[in-house]
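Welcome! Let's walk through this model together in a few questions and answers.

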Amino acid sequence: MVFQFDCTNTLNDQLLQKVMVQMEPAEAYEVVQYVPAASLPYSQPGSCYCLVRLPHDDPTAVSCTFSCTMKYLVRDCDPNTGHPDDDGYDDEYVLEDLEVTVADHIQRVLKPNFSAAWDEVGADFEKEETFALSSVRTLDEAVSNIISFLGMQPCERSDKVPENKNSHVLFLAGVFRGGHDVLVRSRLALADGVTMQVTVRSREETAVDVILASVG
């Protein structure tokens, strides 16, 4: 997984060099390599990168929180000419934590005919589980939360819950990392909270396991 950080130097009396964002994962992710931005003159945007290896032991462990610190070499400069001093000094700035979730591993894709796509993927790796969303009070809230959490594309206008309904079916489609189609059919029932029966299909079993493990 590659992280790109877009940076802009907003200080007209400093030239920033060797700019990188050091990432420290809280989970089993591993930082492999950094590619710094060589130079950031005043008001000039640039990008630095971090390559992170995903966990090998548990491929369903897709969520992780990274602490991030921007590190760079500062060379003071004349704000009128932009000419930097010969000498510089190291400095750093603590950034907000960065959280990776299941939605970062899935790209939305629209399936105009969800039923046909469902049949095409097939049931070889179909899995199903039922969950209780005890803190959710409406079907609209449940639908919104599921779409946001999984980062998948609602199909056939199933993101719209008809009025005065106690049940609903949500269809979601996406592409899991590696180019694998993944489809979700979520049957929702409103009682004391919302009960959700999730059925997942993909030609790649890991994609199915990731969805169910994340929801659970």
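A contact means heavy atoms within 4.5 Å. This is a predicted model, in which local features need pLDDT of at least 70, side-chain atom pairs count only at pLDDT 80 or more, and totals for chains, interfaces and linings use all residues. Residues are numbered from 1 along each chain as its sequence is written, and side-chain values use heavy atoms, with hydrogens and water left out.

Q: How many helices and strands are there in the chain?
A: Helices (H or I, at least four residues) and strands (E, at least two) are DSSP runs, numbered from the N terminus. By that count the chain has three helices and 14 strands.

Q: What radius of gyration does the chain have?
A: The radius is taken over C-alpha atoms, and the globule rule is 2.2 Å times the number of residues to the power 0.38. The C-alpha trace spans about 70 × 40 × 30 Å along its principal axes. A compact globule of 216 residues would come out near 17 Å, but the chain has 23 Å.

Q: Which residues touch the most other members of the largest nonpolar core?
A: A nonpolar core is a set of buried Ala, Val, Leu, Ile, Met, Phe, Trp, Tyr and Cys residues joined through side-chain atoms within 4.5 Å. Buried means under 20% relative accessible area, exposed over 50%, and partly exposed in between (1.4 Å probe, protein chains only). The largest core has 48 residues, and those touching the most other members are Phe66 and Ile211.

Q: Which strands and helix do the buried residues of H3 pack against?
A: Helix H3 covers residues 205-215, and its buried residues are Ala207, Val208, Val210, Ile211, Leu212 and Ser214. Leaving out residues up to four places away in sequence, Ile211 touches Val102, Ile106, Leu150, Met152, Val182, Val184 and Val200. The packing partners of the buried H3 residues are strands E9 (106-108), E10 (127-133), E12 (167-176), E13 (180-191) and E14 (193-202), together with helix H2.

Q: Is Ser144 buried, partly exposed or exposed?
A: Ser144 lies in helix H2, residues 139-150. Its relative accessible area is 45%, so Ser144 is partly exposed.

Q: Where is Arg157 found?
A: Arg157 has a positive phi of about 55° although it is not a glycine. At 65% relative accessibility, Arg157 counts as exposed. Its place is the loop between strand E11 (153-154) and E12.

Q: What is the phi of Asn164?
A: Asn164 is also in the loop between E11 and E12. Its relative accessibility is 79%, so Asn164 counts as exposed. In this residue other than glycine, phi is positive, near 60°.
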